[in-house]
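Here's a quick briefing to read alongside the model. Have a look at the fold first, then work through the notes below.

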Amino acid sequence: MNDRTHYDDAVSSVVGEMIMIVLVIILVALFATSAFSLIPGGREASVDIAMTNESGDSTVIIWHKGGDWVEKNDLKVVILGEDGSRDEYTGPDFDLYDHNGDPTGAFDLGGRLEVDLDRPLKGGKDTVRLVTQTNVVYSGEI
């Protein structure tokens, strides 16, 4: 046997190992890509709401009747007037209370959100919306 034969055997085993490593890397990349596409995306908050407002009153009370809790900083109350006006009330503009009536930082089951509006609402003509940064949680007419 000459030295050339041993050298050729060594080269073929190294090439074989390199091909195996490349195949494993490609398979891992394909598996990771397909696995990440199966992971569900983030879910939007879902809340069951009841709202009260006395006719001509400038206070709206929104009750949390079920579903997810939402942080106060993520909420915004939007009043859409029949004349096209739009009033927005963010966290510092309204109060949140838990089911015991104590102030809280989250809108959760049994709790309520109270917002004092700049003007009284017009029954059947103004729309009240409770929104987060990404979706409308509640929309209803007074």
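Let's begin with isoleucine 19, which is partly exposed at a relative accessible area of 49%; that label covers the range between buried (under 20%) and exposed (over 50%), with a 1.4 Å probe and protein chains only. Bear in mind that this is a predicted model, where local features need pLDDT of at least 70, side-chain atom pairs count only at pLDDT 80 or more, and totals for chains, interfaces and linings use all residues. Residues are numbered from 1 along each chain as its sequence is written, and side-chain values use heavy atoms, leaving out hydrogens and water.

**The helix**

- Isoleucine 19 sits in helix α1, which spans residues 3–38; helices (H or I, at least four residues) and strands (E, at least two) are DSSP runs numbered from the N terminus.
- Together with Val11, Val15, Met20 and Leu23, Ile19 forms a nonpolar surface patch with about 430 Å² of accessible area.
- Such patches take residues with over 30% relative accessible area and no salt bridge, joining nonpolar side chains (Val, Leu, Ile, Met, Phe, Trp, Tyr) within 5 Å and like charges within 9 Å; a salt bridge puts a side-chain nitrogen of Lys or Arg within 4 Å of a carboxyl oxygen of Asp or Glu.
- Valine 24 is in helix α1 too, and is partly exposed at 46% relative accessible area.
- From valine 24 to proline 103 is 79 residues in sequence and 57 Å in space, C-alpha to C-alpha.

**Overall layout**

- Along the principal axes, the C-alpha atoms fill a box of roughly 105 × 35 × 25 Å.
- Buried residues account for 27% of the 142.

**The core**

- The largest nonpolar core has 21 residues, and Ile62, Val77, Phe107, Leu113 and Leu130 touch the most other members; a core joins buried Ala, Val, Leu, Ile, Met, Phe, Trp, Tyr and Cys residues through side-chain atoms within 4.5 Å.
- Strands giving at least two residues each include β2 (59–67) and β9 (127–131), while β1 gives the most, with three.
- Isoleucine 62 has contacts (heavy atoms within 4.5 Å) with residues including Ile49, Phe107, Leu113 and Leu130, leaving aside residues up to four places away in sequence.

Notes. Accessible areas come from the Shrake-Rupley method with a 1.4 Å probe; for residues, only the protein chains shown count as cover.
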